[in-house]
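Here are my notes on this model, as numbered points. Please read them with the structure open.

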Amino acid sequence: CHAMPGNLAPQVHDRAAWTQRDGFVAISYGGITIDERVQSLVTKERLRKQLAALAKAGYQTVTTADLVDFYTKNKPLPEKALYLMFEGGRKDSVLFSQPVLTDIGYNASLYLYGDHLTGWNRFFVRQNELRKIADNPFWEVGSMGYHSGLINQTATGGYAYYLTERLRGADGQPEESQQAFDARVAEDFIQARNS
């Protein structure tokens with residue numbers, strides 16, 4: 001496996017040489033910032049250091065298709081497989097991490113919500129920007145569903161992203177059947193596909 005000259009493309013893999021079937025490391029970032037004061041996000045410089053350390057340790061990024069093949073066709077992965085994700089569809093994830101990905105030769109997956117593709121909020125990747133990102137060899141684009149709202153109250157009084165589990169009441173018990181949950185999730189992904 002190697003990066004293209006000048007890192008104009010992510011690593012080129014020799015998938016025929018892969019032999020490892022023990023799994024992979026997945027790392028997800030919620031957003032990247034250049035402001036050191038923002039504690040909830042990773043700074044661009046920290047991202048650079050983290051990914052450079054992983055590359056130095058021999059980790060190779062894999063694609064979503066590689067993972068699907070790993071799970072459904074029992075295909076092997078590289079010895080140190082890394083699945084790199086940026087969740088939420090934030091523009092800062094793309095803008096601030098692109099130079100890092102380019103320098104290191106890693107590829108990543110950008111996961112977004114369909115309801116952020118349109119509307120007034122320019123903080124997130126827009127529908128008209130999606131093709132450019134999907135055509136970038138360093139990026140894959142995936143869906144986290146359509147609805148980005150936190151609507152599922154947890155037993156401890158907090159909120160969770162509603163697609164992660166069945167809706168629960170204040171007592172922590174499910175408020176919907178498995179069938180209702182399945183139908184709600186399926187409808188959400190239909191909306192996401194049509195957005």
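This is a predicted model: local features need pLDDT of at least 70, side-chain atom pairs count only at pLDDT 80 or more; totals for chains, interfaces and linings use all residues.

1. Start at the end of strand 6. Leu112 has Ser143 of strand 7 as its bridge partner.

2. Strand 6 and strand 7 (residues 139–143) run parallel and are joined by five bridges.

3. Strand 6 also has a partner in strand 5 (residues 81–87). The two pair in the parallel sense, over three bridges. Tyr111 of strand 6 stands opposite Glu87.

4. Strand 5, helix 3 and strand 6 form a β-α-β unit, and the unit is right-handed.

5. How many residues of strand 6 (residues 108–112) are buried? Five of its five are, and the strand is mostly covered. Both faces are covered. Ala108, Leu110 and Leu112 are buried on one side. Ser109 and Tyr111 are buried on the other.

6. Now the largest pocket. The space in it is about 220 Å³. Its lining consists of Lys91, Val94, Leu95, Gln98, Val125, Glu129, Lys132, Ile133 and Asn136.

7. Which helix gives the most to that lining? Helix 3 does, with four residues. Helix 3 (91–104) and helix 4 (127–135) each supply at least two residues.

8. Four residues are nonpolar, two are polar and three are charged. Lys91, Glu129 and Lys132 are among the lining residues.

Notes. Residues are numbered from 1 along each chain as its sequence is written. Side-chain values use heavy atoms; hydrogens and water are left out. On a 1 Å grid over the protein atoms alone, a cavity is a set of points where a 1.4 Å probe fits but cannot get out, and a pocket is an open set with protein on both sides within 12 Å along at least five of seven lines; lining residues have an atom within 4 Å of a point. Grid points are joined across faces, edges and corners, and a volume is the space filled by probe spheres set on the points. Ala, Val, Leu, Ile, Met, Phe, Trp, Tyr, Cys and Pro count as nonpolar, Asp, Glu, Lys and Arg as charged, and the others, Gly among them, as polar. Buried means under 20% relative accessible area, exposed over 50%, partly exposed in between (1.4 Å probe, protein chains only). Two strands pair if DSSP finds at least two bridges between them. A crossover is right-handed if, with the strands pointing away from the viewer, the path from the first strand over the helix to the second runs clockwise.
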